[in-house]
Amino acid sequence: MASIRRTLSQVYQDRSYQNGVASAQAHKLFSTNNNSGKYSSLTSTSAVAAASVYLRRKGFRRSFYRCTIFFILGLLLGIFPFGQVDNDINKHDFSFEMKPPHVNVQLDTKDNFAFAAVSLGVEKTTPQLDRFSRFDYVERKQVIVITPTYNRALQAYFLNRLGQVLRLVQPPLLWIVVEMTSASAETAEILRKTGVMYRHLVCVNKNNTNVKDRGVHQRNAGLEHIERHRLDGIVYFADDDNVYSLQLFESLRNISHFGTWPVAMLAQSKNKAIVEGPVCNASQVIGWHTNEKSKRLRRFHVDMSGFAFNSTILWDPKRWNRPFSNPIRQLDTVKEGFQETTFIEQVVEDESQMESVPPSCSRILNWHLHLDAHGLVYPRGWLLQKNLEVVQPIK
């Protein structure tokens, strides 16, 4: 095949062309050749080549425009469907609605719908009232028990016995335990193990070794604590060596002002039992039981563990119309056996302001047995550091 080459015209010899002849230049050459014939030096081969480049670019544009039109047309047809769509497919296959479980419905004779028993697979819950009935929401008065104690051989036994009784009493109950000079670690450990709400106090104002004065000062320390903190409840003096029934502490909550009851005790000779306390007619106090000739001069014949009173008498005298506002305390200047009556005279005026516990004073609720042993040697902390000297061998 013959190849014909021709040099460029002198007009364009100074230009360099990359990737062949540009379409714009070819178009210019082609148009100028057809219009004016100015460049008659171009051959027919160059004209055909320039025309083919122009037609190729024009064909690409036409294809691009057609593809764009068909793409837009197909997109519109997809967005806006024509014709009918099956309703079953829309309702069942493409449903995102959360439907409730099936419920059995019966048609009544009066053409009214009535629901039968419905079971949703959930266990039947307890009604609201039944759930709350399992809890005890009965409002009770607080019982405040004041117990003086001191280090001796049977102290651990007495405190543990009293603590186990108080543990069985329905709350609220506060046990105030008072020691002299300092709080012992052994007593604190016993109180922690009882599980009873307590306050461990120390009477530091008085350093008297006399048993009579010691108990008076310890009880006064408990009364001062109640008055300072305005504790509301029924105050009761419970010595650790006495024996108490559970019913006694439950009966204390029925007292509104001042309550008293008979106490069984052993005589000082310990050869007979006596009863000391009120004689009652229903809820009224009409007399007193007493067997001690030396105590007949007392105004009120009652044991220290035979009465209780409302704590507001100590810190709210206006409520009870007390004529004086002096603090109510036990006196250490009176003879032994007269601390009870002198204290009660500060709380009430006469028997008309007293209440019998229980009604008619028909039961003995606590006992004062005087079982404490004196002069016994006991180990420090109630613990033995080593075995006893006498050991009986096992045969």
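Modeller: A crossing of two helices is right-handed if the near helix is turned clockwise from the far one by less than a right angle, and left-handed if it is turned anticlockwise. The structure is a predicted model, in which local features need pLDDT of at least 70 and side-chain atom pairs count only at pLDDT 80 or more, while totals for chains, interfaces and linings use all residues. Residues are numbered from 1 along each chain as its sequence is written, and side-chain values use heavy atoms, with hydrogens and water left out.

Biologist: Is α5 roughly parallel or roughly antiparallel to α6?

Modeller: Helices (H or I, at least four residues) and strands (E, at least two) are DSSP runs numbered from the N terminus. Axes are lines fitted to C-alpha atoms, for helices over the stretch in contact, and angles between N-to-C directions run from 0 to 180 degrees. The axes of α5 and helix α6 (residues 185–194) come within 9 Å and cross at roughly 25°. Angles under 35 degrees count as roughly parallel, over 145 as roughly antiparallel, 65 to 115 as roughly perpendicular and the rest as oblique, so α5 and α6 are roughly parallel.

Biologist: Which residues of α6 make the contact with α5?

Modeller: The crossing of α5 past α6 is right-handed. Contact means heavy atoms within 4.5 Å, and α5 contributes Gln155, Ala156, Leu159, Asn160, Gly163 and Arg167. The α6 side consists of Thr187, Ile190, Lys193 and Thr194.

Biologist: Which are the edge strands of the open sheet of seven strands?

Modeller: Two strands pair if DSSP finds at least two bridges between them. The sheet has mixed pairing and the order β5-β4-β3-β6-β12-β8-β13. Pairing on one side only marks the edge strands, β5 (198–203) and β13 (355–356).

Biologist: What angle does the direction of α5 make with that of β4?

Modeller: Helix α5 (residues 155–167) packs on the sheet and touches both β3 and β4. Its direction and that of β4 make an angle of about 165°.

Biologist: How many of the nine residues of α10 are buried?

Modeller: Helix α10 lies across β6, β8 (258–260) and β12 (307–310), and runs at about 25° to β12. Buried means under 20% relative accessible area, exposed over 50%, and partly exposed in between (1.4 Å probe, protein chains only). The buried residues of α10 include Phe343, Ile344 and Val347. Helix α10 (residues 339–347) is thus mostly covered, and its buried residues number eight.

Biologist: Which residues have the most contacts inside the largest nonpolar core?

Modeller: A nonpolar core is a set of buried Ala, Val, Leu, Ile, Met, Phe, Trp, Tyr and Cys residues joined through side-chain atoms within 4.5 Å. Leaving aside residues up to four places away in sequence, Phe307 touches, among others, Trp261, Val302, Phe343 and Ile344. The largest core has 33 residues, and those with the most contacts inside it are Phe307 and Phe309.

Biologist: What is omega at the cis peptide bond that joins Val357 and Pro358?

Modeller: Pro358 lies in the loop between β13 and β14 (366–368). Another cis peptide bond joins Pro171 and Pro172, with omega about 5°, and Pro172 is in the loop between α5 and β4. For Val357 and Pro358, omega is about -15°.

Biologist: What is the relative accessibility of Arg230?

Modeller: Arg230 is placed in the loop between α7 (211–229) and β6. Its phi is near 50°, a positive value in a residue other than glycine. Arg230 counts as exposed because its relative accessibility is 52%.

Biologist: Which residue of β10 does Ala264 stand opposite?

Modeller: Strand β9 (residues 263–266) and β10 pair in the antiparallel sense over four bridges. These two strands form a hairpin with six residues between them, and Lys270 in the turn has a positive phi of about 60°. The residue opposite Ala264 is Val275.

Biologist: Which residue takes a positive phi in the hairpin of β10 and β11?

Modeller: β10 and β11 run antiparallel and are joined by five bridges, with Gly277 opposite His289 in β11. The loop between β10 (273–281) and β11 (284–289) holds this residue, which is partly exposed, with a relative accessible area of 41%. Two residues lie between the strands of the hairpin, and the one with phi near 60° is Ala282.
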